[in-house]
Amino acid sequence: MFAELDPILHSQLRLAVMSLLIGVKEAEFTFIKEKTNSTAGNLSVQIQKLKDAGYIDVVKEFKDNYPNTTCKITTKGIHAFETYVQALQQYLKVQNP
Amino acid sequence: MENEFSPEESLRIIQSMIDKTKNNVANDAFYFLFWGWLTLIICITQYVLLVWVKYPQHYYAWGLLWVGVIYLVFKTAIKNKKQKQKVKTYVDDSMKYLWTGLGITFFILGWICALNEWKNCFSLFIMLYGVGTFVSGCFLKFKPFIIGGIIAWVIALIAATANYQNQLLLTCLALIISYIIPGYMLRYNYKNQNN
């Protein structure tokens, strides 16, 4: 039987955000928005979902009087991402044996 | 439906996002070229003052190093003001810690040599250039720096048997092989990848 694909990660924008964060120490909201070509509104919603799942930490602060949001993947998020990739590999093995 | 996408599509998203976070090596190439050229100019100036001009205070050439430090401090301050760093990578952090540590070591070593003698100082400096470029090459997964670092260590061994003025020439050679050539290769690779 296949491992179930994590529904939190199996969404294009949330997966893109997690894939960006897996390779860096931390990234600002504007950086994620630029790299994922998403709208601020949609990205905010998806980031909130990842935060609620405990996959990322979100720090909101003020820098030079401007709001600044920084995101960082958590240990739980790294584990979930690795499990998701392993499940994907299982699917692909079956499709291309 | 946002969940209606294939495993292949998932992998494509993961791959494309990971590619977008690859380290900004153009910046690293600048630092290698800046310090490589500056130190090379200083070594050549000192060699000319020592061998041809026969100026007793030939080591004053190293004062130019402070010009480089001041230039970089201003450049970094202006850059930070203009554009905030939007992403922090582990490679950026590791490079920062490595070169800060090495920078401090260079100055302490210079001070120790100034208090004692300069006889073998250049072989020690070349050895440290080797450490910096070898480890940076491993962080950046860029072979020319790794090879440059190893060659710098070999040059350090040769320099230990050379006289002071030949040590200066060997330092120039080490800088060209371990900083300047790999620095240009890194910049060329970065430009090619982005075209």
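Helices and strands are DSSP runs, numbered from the N terminus, a helix holding at least four residues. The views below show a predicted model.

**Figure 1. B:K141 in the loop between α5 and α6 of chain B.** B:K141 lies in the loop that joins α5 (121-140) to α6 (143-159) of chain B. The phi angle of B:K141 is positive, about 55 degrees, although the residue is not a glycine. Most residues other than glycine have a negative phi. B:K141 counts as exposed because it has 11 C-beta neighbours inside 10 Å, and the limit for an exposed residue is 12 or fewer.

**Figure 2. A:N37 in the loop between α2 and α3 of chain A.** In chain A, the loop between α2 (29-36) and α3 (40-52) holds A:N37. A:N37 is not a glycine, yet its phi is positive, at about 50 degrees. With 9 C-beta neighbours inside 10 Å, A:N37 is classed as exposed.

**Figure 3. The largest nonpolar core and the contacts of B:F122.** The largest nonpolar core has 27 residues, of which B:F122, B:I126, B:A152, B:I155, B:A159, B:L170 and B:A174 touch the most other members. At least two residues of this core come from each of α2 (25-53), α4 (90-115), α5, α6 and α7 (164-194) of chain B. The greatest contribution is that of α7(B), which supplies seven residues. When neighbours within four places in sequence are left aside, B:F122 is in contact with B:A159, B:Q167, B:L168, B:L170 and B:T171.

Figure 4. Strand β3 (residues 66-73) of chain A contains A:C71. A:C71 counts as buried because it has 23 C-beta neighbours inside 10 Å, where 20 or more are required. Not counting residues up to four places away in sequence, A:C71 touches A:L21, A:E26, A:A27, A:F29, A:I32, A:I47, A:I56 and A:V58. A:L5 and A:C71 are 66 residues apart along the chain, and their C-alpha atoms are separated by 23 Å.

**Figure 5. The enclosed helix α1 of chain A.** Helix α1 (residues 12-22) of chain A is largely enclosed by the rest of the structure, because nine of its 11 residues are buried. The buried residues of α1(A) are A:L13, A:R14, A:L15, A:A16, A:V17, A:M18, A:S19, A:L20 and A:L21.

**Figure 6. The contact between chain A and chain B.** Chain B contributes 19 residues in contact with 21 residues of chain A. On the chain B side, α1 (7-20), β1 (87-88) and α4 are the elements that give two or more residues. The most come from α1(B), with eight residues. By class, the side of chain B that touches chain A comprises nine nonpolar, four polar and six charged residues. Strand β1 (residues 26-28) of chain A pairs with β1(B) in the antiparallel sense over two bridges. In this pairing, B:K88 of β1(B) is the bridge partner of A:E26.

**Figure 7. Helix α4 of chain B.** The 26 residues of α4(B) reach 38 Å from the first C-alpha to the last, close to the 38 Å expected at 1.5 Å a residue. α4(B) is hardly covered, with two buried residues among its 26.

Conventions. Residues numbered from 1 in each chain as written. Chains lettered and ligands numbered in written order. Predicted model: local features only at pLDDT ≥ 70, side-chain atom pairs only at ≥ 80, totals over all residues. Core = buried A, V, L, I, M, F, W, Y, C linked by C-beta atoms within 7 Å. Contact = placed C-beta atoms within 7 Å. Nonpolar A, V, L, I, M, F, W, Y, C, P; charged D, E, K, R; others polar. Pairing = 2+ DSSP bridges. Expected span 1.5 Å × (residues − 1).
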